[in-house]
Amino acid sequence: MRLKIIAFCLFTVPAYAQCPPSADITARLDQLVSEARAAQTEMAGREVSDKMWQLWLVAPDEPAQELLDTGMRARTSYDFLAATDTFSKLIDYCPDYAEGYNQRAFIQFLRQDYEAALVDLDAALARSSKHVGAQSGRALTLMNLGRIDEARVQLREALENNPWLSERALLNKGAPLAPRGQDI
């Protein structure tokens, strides 16, 4: 199976192909941020979160979408090497598409390569500053690096954009990112 995925990825994007610009989702994302802030229930907040992910998971063109989907399938199968290789190909092909970096960062996080994850999360956020998934991933990565104060700030920023993130519990009294003196 892994050889099939790798072979697919090698031949999906012709060497001469150029990735089109990513769609400008700024206005729609701003609208969803407002909806998340206004949501009155967990269910309503989760629905808005799902809509945010639907935006981020639309790649600029069909070859990029195939790479994204293939990388995510490899990750789901715990084939982190193939997933990393596929997301790297996606980044090479579409260097302005934030989700390629975010997905590769997630693999690096799962492999506990936090420094590499942080580099990719920063790249994702440079391309999509309100990418709540990258913001919360960055907070978790900073926490795992022992950079607790930075992690708190980053998680609060993520929660400004989506107060319904499950990671919000990390700021509760007794949790790892609780205010100083209330943390573990």
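Guide: Welcome! A pocket is an open set of points on a 1 Å grid over the protein atoms alone, where a 1.4 Å probe fits, with protein on both sides within 12 Å along at least five of seven lines; its lining residues have an atom within 4 Å of a point. The model here is predicted: local features need pLDDT of at least 70, side-chain atom pairs count only at pLDDT 80 or more, and totals for chains, interfaces and linings use all residues. Residues are numbered from 1 along each chain as its sequence is written, and side-chain values use heavy atoms, with hydrogens and water left out.

Visitor: How many helices does the protein have?

Guide: Helices here are DSSP runs (H or I, at least four residues; strands are E, at least two), numbered from the N terminus. Along the sequence, the pattern reads α-α-α-α-α-α-α-α-α. With zero strands present, the number of helices is nine.

Visitor: What share of the protein's residues is buried?

Guide: Buried means under 20% relative accessible area, exposed over 50%, and partly exposed in between (1.4 Å probe, protein chains only). Among the 184 residues of the protein, the buried share is 47%.

Visitor: Which residues lie nearest the centre of the largest pocket?

Guide: Let's start with its volume, which is about 490 Å³; a volume is the space filled by probe spheres set on grid points joined across faces, edges and corners. The lining of this largest pocket takes in 26 residues, and those nearest the centre are W53, G133, S136, G137 and E167.

Visitor: Which elements give two or more residues to that lining of the largest pocket?

Guide: The lining of the largest pocket has 26 residues. Helices that give it two or more of them are α3 (42-56), α4 (62-76), α6 (98-110) and α8 (132-144).

Visitor: And the second largest pocket, which residues are nearest its centre?

Guide: The second largest pocket holds about 380 Å³ of space. Its lining is made of 20 residues, with these nearest the centre: A23, I25, T26, R127 and S128.

Visitor: Which element gives the largest share of the lining of the second largest pocket?

Guide: Elements that give two or more residues to the lining of the second largest pocket are α2 (26-38), α3 and α6. The largest share, three residues, comes from α2.

Visitor: How many of the 13 residues of α6 are buried?

Guide: In α6, the buried residues are A98, E99, G100, Y101, N102, Q103, R104, A105, I107 and Q108. This helix is largely enclosed by the rest of the structure, because the number of its 13 residues that are buried is ten.

Visitor: Where does Y78 have its place, and is it buried or exposed?

Guide: Y78 is not a glycine, yet it has a positive phi of about 65°. Its place is in the loop between α4 and α5. With a relative accessibility of 68%, Y78 counts as exposed.
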